[in-house]
Amino acid sequence: MNAANSPNVLLIIPVYNHGRTLPAVVRSALATGLPVLVVDDGSTDDGPAALAGLGCKIIHFPENKGKGAAILAGAREAERLGYRAIVTVDADGQHAPEDVHLLLQKDADSPGPSIIIGARRMIQDTVPTASLFGRSFSNFWVRLECGLDLADTQSGLRLYPVKELLQLKLSRTRYDFEIETLVRAAWAGIPIQTVAVSVHYPPAGERISHFHKLKDNIRLTMLHTTLVGRRLLPLPHKRIVQTSPSNATESQHTGRLWIIKKRLEFLGHSIFYLVLRLFGQTVSYGLLFPVIITYILCSRKIHRLTGPYLERRFPLHSRGQRWIDTCRNVLSFGRILVDRAWLGCVRHASLANEVIGREKIDAIIAAGKGAILLTAHVGNWQTALANLHFLKVPVHALMQYDQQSAARHYFDLGERQRTFSIINADGPFGGMIEAAAALQRGEFVTIMGDRLTRGPSSTVDFIGKMARFPNAAYTLAAHVGVPVIIFLAAKTGRKNFQLQVWDIVYPHFESRESHQKILDGCSQKFAEALEKYLKVFPYQWYNFFNFWIQ
Amino acid sequence: MENLKQKLKEILIQDLKIQGVRMEDLQEDTPLFNEGLGLDSLDAVELVVLIQKYFNVQIVDMDEGRQAFASINSLAAFIKERQECNAG
């Protein structure tokens, strides 16, 4: 997306004593083609002076007022000059201004004004660990406050719509500004979107941060307390943007009762987290019982979500047995959620895994071949994916970045080293080129085989009725010449789980006419493997929708 | 360069089996993906593998893909540039 196509966007760089990196950042910002405004927040070094003649505008504050104040001043200037949106870039060189075009592209694709966040991709070695922890904690609180699962709530690389931003009742002026804007914008109905961007942290000695550990942490705590408190009040929020279909947290429901219900749910979640931290996994499992039984007795929606699968799996069960099946299905899901939270929150928590069919995988790796790990939303699939380091080859998860935000949130948590990278399936080629390159290097790519995307599919028999399965994985495998390993996770005990190879498929295309037949054959094998799995673990199916009508 | 483009057209028609287009009609500046020839992401993978096979040139991510696959012309230019890098 050419920046010249966005004539009404102003790029703002708030700066406080980052003189060393500032000129370079300004130069690359100017190179994007956008007009640049530097807001000098009372810098006492000569950073801003070095910008003379570079071609950017500068606003000076006589004394330091805070990043938030600087951004708002930039926004007001942008409004005065008639700009529709602003893009904020940090002055410490953390962001690559080239990524700005990703934000502009997303904005151009959006139907109305929205905030776009540049989510910093998970980093390899240059991340200071304090940042990582701070970020996931921040993401967690924002999620509780406004219901949105955002990848990187602390990222300073953002696009804001000027008019809407200035309408928000913002009170924070320092580092807490960026969190407050997100939450209040979400409440006001402004859609918030994310794009993945790169980040560069300079080596330890060079990094300057003005984040004052004590003061700013106190500020953030006060902010979150205020926001959580506001969240609990059963009063609707003032909407600035009326219809926001992608953020329908409360847009269709304005009844008092619904709001109270949401608040109670939120309270429930936080109590759960608290119990988990204080009393551990077993007590939390115990707490699940009354919660889930109540849910099942009171909510018709649950039965609609679990019914289609359970009716097919247990066609001969009576109504009473069906209720028990639903309980067991939802309880097992609840335990998996507790596990995920537990692994994230509690320091030495871990699960023991068993890998069945390991020799087959090792043989493939020994042959220098890559492979596709085709898996499904069964068992503790997320924790399983996070435990693939035993493979000793790089593993890449092909995921749609936004939709897998829950998975990403989990993988962000904790000091655990991330054992794989995510290939964004939202790019122009669906991530396929990167996946093919990884496979050719002998690496592994995990793909979810039970969620239809816009791509090609096969319709095959699954538990007695025809269902559609995506088949792009097999085409990819056939072109690159690698096997597809059908690999499913299952929870087998309180602290145990297994990963098993249920089948291995070797797609190979002969003539073009037979493509669909071959793909259907592969999908049939996947459906059969799933059926075999569900015979052993019938309650660990977590696709809570009608799988047979898509 | 002309041989290169000719070979690319052959690959597109014969290996990828693009329907409804004859060799003579293949324009060299038509976009290969979405509008234009309408190839999709799985065709992209096939094309990447074929280009490796015939020209020993690699395309490793979507940025290179976007650049190379804009049209037959850009693909030919991409391949030629990479071949010269490999040789040098």
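1. Chain B. The model is a predicted one. In chain B, 58% of the contacts with a separation of 6 or more join residues 24 or more positions apart. Chain B holds four helices and zero strands, and from the N terminus its elements follow the order α-α-α-α. Of its 88 residues, 28% are buried.

2. Contact between the chains. Chain A contributes 15 residues to the contact and chain B contributes 14 residues. On the side of chain A that touches chain B, α14 (432-440) and α15 each supply at least two residues. That side of chain A comprises nine nonpolar, four polar and two charged residues.

3. A helix pair across the two chains. Helix α15 (residues 472-480) of chain A and helix α2 (residues 41-55) of chain B have axes that come within 9 Å and cross at roughly 10°. Angles under 35 degrees count as roughly parallel, and α15(A) and α2(B) are therefore roughly parallel to each other. From α15(A), the residues that make the contact are A:A472, A:T475, A:L476, A:H479 and A:V480, and from α2(B) they are B:L42, B:V45, B:E46 and B:V49. By class, the residues of this contact are six nonpolar, two polar and one charged.

4. The sheet of chain A. Seven strands of chain A form an open sheet with mixed pairing, in the order β3-β2-β1-β4-β6-β5-β7. The edges are β3 (57-61) and β7; each has a single partner strand, so one side of each is left without a neighbour in the sheet. From one strand to the next the twist averages 25°.

5. Pairing within the sheet. Strand β1(A) runs parallel to strand β4 (residues 85-88) of chain A, and four bridges join them. The bridge partner of A:I12 in β4(A) is A:T88. Strand β5 (residues 115-120) of chain A pairs with β7(A) in the parallel sense over six bridges. By contrast in direction, β5(A) and strand β6 (residues 158-161) of chain A run antiparallel and are joined by two bridges. A:I117 stands opposite A:T194 in β7(A) and opposite A:R158 in β6(A).

6. Burial of two strands. Is β5(A) enclosed by the rest of the structure or open? Six of the six residues of β5(A) are buried, so this strand is largely enclosed by the rest of the structure. Both of its faces are covered: the buried residues are A:I115, A:I117 and A:A119 on one side, and A:I116, A:G118 and A:R120 on the other. Strand β7 (residues 192-197) of chain A is mostly covered, with five of its six residues buried.

7. In soluble globular proteins, nonpolar side chains tend to be buried together. The largest nonpolar core has 85 residues, of which A:I372, A:L374, A:I433, A:A436, A:L476, A:V484 and A:I486 touch the most other members. Helix α16 (residues 515-536) of chain A gives the most to this core, supplying eight residues. Leaving aside neighbours within four places in sequence, A:V484 is in contact with A:I372, A:L374, A:A473, A:Y474, A:A477, A:V505, A:P507 and A:C522. Another core, of 61 residues, lies apart from the largest one, and its members include A:A29, A:A85, A:V87 and A:I179.

8. Backbone points to check. Most residues other than glycine have a negative phi. Which values of phi do A:N17 and A:I463 have? Phi of A:N17 is near 55°, a positive value in a residue other than glycine, and phi of A:I463 is near 50°, again positive in a residue other than glycine. A:N17 lies in the loop between β1 (9-15) and α1 (22-31) of chain A, whereas A:I463 lies in the loop between β13 (457-462) and β14 (465-470) of chain A. A:N17 is partly exposed, with 17 other C-beta atoms within 10 Å. A:I463 is also partly exposed, with 18 other C-beta atoms within 10 Å.

Definitions and conventions. Residues are numbered from 1 along each chain as its sequence is written. Chains are lettered from A and ligands numbered from 1 in the order in which they are written. This is a predicted model: local features need pLDDT of at least 70, side-chain atom pairs count only at pLDDT 80 or more; totals for chains, interfaces and linings use all residues. A residue is buried if 20 or more other C-beta atoms lie within 10 Å of its own, exposed if 12 or fewer, and partly exposed in between; C-beta atoms are placed from the backbone. Axes are lines fitted to C-alpha atoms, for helices over the stretch in contact, and angles run from 0 to 180 degrees between N-to-C directions. Angles under 35 degrees count as roughly parallel, over 145 as roughly antiparallel, 65 to 115 as roughly perpendicular and the rest as oblique. Two residues are in contact if their C-beta atoms, placed from the backbone, lie within 7 Å. Ala, Val, Leu, Ile, Met, Phe, Trp, Tyr, Cys and Pro count as nonpolar, Asp, Glu, Lys and Arg as charged, and the others, Gly among them, as polar. A nonpolar core is a set of buried Ala, Val, Leu, Ile, Met, Phe, Trp, Tyr and Cys residues joined through C-beta atoms within 7 Å. Two strands pair if DSSP finds at least two bridges between them.
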